[in-house]
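This briefing concerns a predicted model. Please consult the sequence and structure below before reading the points that follow.

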Amino acid sequence: MSRLLVYRAGELKNDGKRNTRETSLAKWQACDFANKAADDAVQIHGAYGFSDEYPVERYLRNSKAPVIYEGTREIHTVMQAEYVLGYRKDKELNRMLPAWDQSQLIK
Ligand SMILES: Cc1cc2nc3c(=O)[nH]c(=O)nc-3n(C[C@H](O)[C@H](O)[C@H](O)COP(=O)(O)OP(=O)(O)OC[C@H]3O[C@@H](n4cnc5c(N)ncnc54)[C@H](O)[C@@H]3O)c2cc1C
């Protein structure tokens, strides 16, 4: 699900279309589920999951940061609730965002 949300947000961005709602949703869900998966991994490995002798505890620590930066889990939750309840509406863009152009890639 996270992958599809990220692809959807990326597709809109590549097309130069507004993607605030979709990107917020993708960031929130992907980061939250990565953190939950890492938490489960620590639990499954028991004491070894907690120990820094194995990489599992690092996955949990590393997956926590994205739940905080670039909009915390709570802020994205509030944003998405506002979209659903109709309290948040994206304004018209001042200008079109440039669509992704493969020919502009530096070779
Ligand atoms: C690894 C890492 C790298 C970072 N890199 C950068 C960077 O490069 N540049 C940069 O500018 N910043 C960076 N940050 C900072 C990051 O953007 C902030 O930590 C983040 O925006 C949260 O702000 P805060 O720490 O002030 O927490 P606060 O805003 O004080 O929030 C504390 C808690 O309260 C919750 N909360 C706050 N307001 C509400 C609300 N209205 N409703 C519900 N809950 C709420 C938050 O979700 C959070 O859980 C980084 C943070 C980390 C962890």
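Which residues in α2 are buried? In this predicted model, the buried residues of α2 are Ser24, Ala26, Lys27, Trp28, Gln29, Cys31, Asp32, Asn35, Ala38 and Val42.

**Helix α2 and its surroundings**
- Helix α2 covers residues 20-44, which is 25 residues.
- The packing partners of the buried α2 residues are α1 (2-14), α3 (46-50), α4 (56-68) and α5 (73-85).

**Aromatic pairing**
- The count of aromatic pairs comes to one.
- This pair joins Tyr48 and Tyr54 in an edge-to-face arrangement, with 5.1 Å centre to centre and 65 degrees between the planes.
- The pair counts as edge-to-face because its planes are over 60 degrees apart.
- Tyr48 counts as exposed because its relative accessibility is 55%, and the cut-off for exposed is over 50%.
- Tyr54 has a relative accessible area of 38% and is therefore partly exposed.

**Charges over rings**
- Lys36 places its charged end over the ring of Phe33, 5.3 Å from the ring's centre.
- Over the face of Tyr83 lies Arg88, at 5.7 Å from the ring centre.

Key. Residues numbered from 1 in each chain as written. Predicted model: local features only at pLDDT ≥ 70, side-chain atom pairs only at ≥ 80, totals over all residues. Heavy atoms only, no water. Phe/Tyr/Trp six-rings, centres within 6.5 Å; stacked < 30°, edge-to-face > 60°. Buried < 20%, exposed > 50% of the residue type's maximum accessible area, 1.4 Å probe, protein only. Lys NZ or Arg CZ within 6 Å of the ring centre and 35° of its normal. Helix = DSSP H or I, 4+ residues; strand = E, 2+ residues; numbered from the N terminus. Expected span 1.5 Å × (residues − 1). Contact = heavy atoms within 4.5 Å.
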